[in-house]
Structure formats: C-alpha cells, structure tokens
Amino acid sequence: MHFWIPEVVQLIFEYVYDPDRLNEDSKGRVTVASLARTCRAFRDPALDVLWAQLHSLDALVLCSGGTRVNDNSQVVWERPLYDADWRIIASYAKRVHTLTVSPHSDTWDISTMHILSCFPLPGALLPSLTELNWLSDREDFFPFLHCFCGPMLKTLGLSPVAWSVRKCVAIASLAPSCPFLEHFSCFGADDSSMQAISEAVVGWKKLEVLEAGPVSERALKHAASLHTLQTLRFSTSSELTSDILEFCSPVASIEIAALTPLSLQAFMQNVRFSIQHLDLRCSLYDDVFPHLFFAHLKACMVHPEKLKQLSLFAGTTPQEDTSNESIVLTSLMLHPLLSFKGLEHLDLGHSCTAHMDDAFLTKLALSCPGLKELYLGDQKAWLIAPLLTFDGVTSLLKHCRQLLSLGVFFNATFESDVAYTAPVDAISPQTKNFLVGASPINEPAKVTAVLSFLFPGACISHCISKESPQQLQGRLKKWESVDKMFGIFVAARKQSWEQGWAEGKAAVEKITIA
C-alpha cells in the first residue's frame, strides 16, 4: 500500500467487529481474526480490536498453551508457564482496555488467578486496562483484585452480594494500585463494607464519579473537597457528628439515600451545598412527613437560586397509605421552594401533593419561570382529593413557557352546567408529556377538549392500574376514554386551524387584488 493510515484501518475493523455491542458478534469476530492473519500490516490493528474488551480470562489461557477440560466448561493450564508463554500473554494483554469478571465466573478455575498473579515481567499484567467491571461475588477471587488494578485504570465497578473480611481487605488496599481512578461504583455496599470502601476512597484524588452505599464522614469530606467531582451517590443512616460538611463543586450532581425523610432531614442539619443538582431518596415514609423538611433543605443551600434540579423520591407506599393525610405535602410546607428561582427540573412525583392549591402553583411558576420538567404527585395512585384545578395548571403554563414534561395530580372535574374555556396564552405546544397520575375526572369529553387545546403535541398518561383500589377503577375507565379521544380531538383542531388559515389567507389575497 502506498498510503497507509493505521487509525483508519482500525476504524474499519471496529465497524466489522465492535466489542461494545450488546450482543456478541461471533461472525464479525471471526472476520477480524482472519484479517489479522492476512498480512503484517493488518495484524496489529486487527488484534487491537479483538483484544480491546474481554469478558473472561479464557482467551489469555488459550493463547499460551491452555486447554479446555470438563466437557469444555473450563479452560486451564495443565503445564507450567515459561518465559515464552509469559511473553505471548504480555503481547496480547497490553491490548486489553476493558475486562469484565462475570457474575457467571463459577466455571473459572481458581488456578488461573493463582498463575496470573505470578506474572514475572516488569509492569502490570494488563498495562493498558482503563475499565474493570468486577461483577463476581466469589470470595476466593477477591484477593487477586489488585493484580488487575494498574496505574492506567480509570473506571472500577464492584458488585459483591455478601461481604467478608477477605473482600473488605482487598477493597481497602486498592488506592495505591490505581491512584488515578476517576469512576468508582460499588452497588450492594452496606454498613459492614463502609470502612473498607471509605479507606479506598480517601486515597483517590481525581475522582469524578463515586457511587457507593454508606461511607464514613472522613470519606465524605474527602469527596466533597474534590473539584473534579461530578457525581456523588451515597446513603446515610444518621446525622453527622462533626463540623459542617460542605459540598463545594458547583457542577456536581449529589444523590443521598436515607431510610426515611426524617433521617434525611437529620443528616442535612450539618451539610451545606453549593451545587446545581440534588436528588434525595427515602426507602420508607415516617408516620408524619416532617413539616420543616423543605425549610431545612433551603437552609442547606448556600445559593438556593442556583439549584437547577431537585428530586425527592419516597419509596413504595403500601396501598393502605395512599389515603394517609399525615404524609401529604401542603403549600405551607413547600413554600421554601419559592427560593429556588433557577429550578429547571423539580420532581415531587412520588410525593402526595394533594394539599397544594392553585395559588401556590401560580407562585411557584412566577418564582421558577425556567422550569422545563415538573412532577407533582403524578406517580402514585393517591386517594386523597387534590386541591389543584385546571385554573392552577393553566396559570402554570402561562408563566412557564419552556415546559417540556409536566406531571400533576389535580382535580380534572367540571360542573355539568358550566362551560370551561382555557386561556389562549396557556397553550403549550412544546410540552411532549402530560402525566395526570390518578387525578379525579367526571366528564372525559370535556377534559379531552381542554387538554387537546392546551397540549396539542403531548402524550397523555395516567398511573392507575387494574390492581389499584376499587375507588379508582371509575377514574381508570374515564382516563382510558380520554386516551382514545385525544388523538382525534388534536387532529380535528389541527384541521380546523389549517382550514381557518387557508380561508383567512384567501380573504386577504382577495382584498389585495380588489
């Protein structure tokens, strides 16, 4: 070849076989393997593509004299490895960028780990490894975790099911092996692993993403001080015992999980946020929702007007609690939200906002005109009668002209002898989703007429299922009727507008000619 660009050739090979595809492409892999044997020029680019991502260690074993045993269910070495074998392993291992230790690794022989841990050549076993997904829960594998964590590692994901001393020791000592780690996630972490994970976290100085369960105050302070931090997810079970904890990275997205809203409020007493994205999650409800929860939240924010995204998720409520008025959010409780003037995303969809009235929703719209997504009680089948009406919804639409998605639990009933006319300046053609939750409804045709006028480009949906309480089955049938009629009403309105436009244009042209 007169003009040889290896990078272009590699891109072509990646098109033939992309290891990142969800489904294994055996045909593409065979094709690239054949290309690797075609000529010397193709060899390196093809091998780089083939070895870029490994889902097991079998390939390393087979390329260096290993064999399949036990009806091909296991791959093992049945003889010692010598210098030539290690150099073959090294020539392929240097091309590996991603390794996944599968949760289905029970068929792997532990001798593979023992032998690889004896890697005799200088440097790491996988010197180019940037991502390690350690999804196996095998306790005998964990002591070998550090063998795969080299200085180039940027992403590490762990997923142990049960914790033991050996697993904790292996994790606690990780930081020196991969000091430049940027993304660490450990799903399934619990109180028994807190100190081990925290010990590792304080050793990483360039973390961008930290996703773990409970971590110590020392680890939280370290993470909060990192200017590189972009995402932090952790859980807490108690309030802080030391000085004020400050999260000072303005671009960071923080997610905090706690058992109940009350325990979350207790934790926030000694926390200060200078962030733009905050996600709060609770597993259960307290007997009574803390009346000062949002007041405490406002006090935590150094610059409340700079918060762009706020979500509050409360865990699955038992069916009998959907009529519990002690967990309802009132307009007075939500009043501190008016200070978050920069909000673009507010999600209270899993909370009961039945006692929010039209006046407060109007104030919220005036305080946060940049809202793009708003969800208020639309994700649960609440049995409590809502105070919000169509008047509140239209007032919101008039003042928040950027709304793309809206969910509201409101009273969608009309008096039979009263005609309702929605204001023209409330039409929201840019809104793509309108979620009504389990909103009360009495006249589907009237409701469809209003919604098709307000949301000509939206999809209307509800959260009532056939398993919902008997009181909601009537609403289910009526909202299903709205769903069937909505498209017809929208099409009819569009046709009417187009016809009116054409007639008006013709009349103007006629006058002009005259």
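This is a predicted model: local features need pLDDT of at least 70, side-chain atom pairs count only at pLDDT 80 or more; totals for chains, interfaces and linings use all residues.
**View 1. The strands paired with β19.** Strand β18 (residues 373-376) pairs with β19 in the parallel sense, over 4 bridges. Val-408 of β19 is the bridge partner of Leu-376. Strand β20 (residues 433-435) also pairs with β19 in the parallel sense, here over 3 bridges. Asn-433 of β20 is the bridge partner of Ser-405.

**View 2. Helix α14 and the residue Thr-394.** Helix α14 spans residues 390-399. Together with β18 and β19, α14 makes a right-handed β-α-β unit. Thr-394 is found in this helix. Is Thr-394 buried or exposed? Its relative accessible area is 4%, so Thr-394 is buried, the cut-off for buried being under 20%. Leaving aside residues up to four places away in sequence, Thr-394 touches Tyr-420, Ala-422, Pro-423, Ala-426 and Leu-454.

**View 3. Strand β14 between its pairing partners.** Strand β13 (residues 277-282) and strand β14 (residues 309-314) pair in the parallel sense over 6 bridges. Ala-314 in β14 is the bridge partner of Cys-282. From β13 the chain crosses through helix α11 (residues 293-300) to β14. This β-α-β crossover is right-handed. Strand β14 also pairs with strand β16 (residues 345-348), in the parallel sense and over 3 bridges. Leu-346 in β16 is the bridge partner of Leu-310.

View 4. Helix α9 runs over residues 217-225. Which of its residues are buried? They are Ala-219, Leu-220, His-222, Ala-223 and Ala-224. These buried residues pack against two helices, α8 (194-201) and α10 (261-268). They also pack against the strands β8 (209-214), β9 (231-235) and β10 (245-247).

**View 5. A nonpolar surface patch that includes Val-8.** Ile-5, Val-8 and Ile-12 make a nonpolar surface patch of about 260 Å². Val-8 lies in helix α1, residues 6-16. Why does Val-8 count as partly exposed? Its relative accessibility is 41%, and partly exposed lies between the cut-offs of under 20% for buried and over 50% for exposed.

Conventions. Residues are numbered from 1 along each chain as its sequence is written. Side-chain values use heavy atoms; hydrogens and water are left out. Buried means under 20% relative accessible area, exposed over 50%, partly exposed in between (1.4 Å probe, protein chains only). Contact means heavy atoms within 4.5 Å. Patches are made of residues with over 30% relative accessible area and no salt bridge: like charges are joined within 9 Å, nonpolar side chains (Val, Leu, Ile, Met, Phe, Trp, Tyr) within 5 Å. Accessible areas come from the Shrake-Rupley method with a 1.4 Å probe; for residues, only the protein chains shown count as cover. A salt bridge is a side-chain nitrogen of Lys or Arg within 4 Å of a carboxyl oxygen of Asp or Glu. Two strands pair if DSSP finds at least two bridges between them. A crossover is right-handed if, with the strands pointing away from the viewer, the path from the first strand over the helix to the second runs clockwise.
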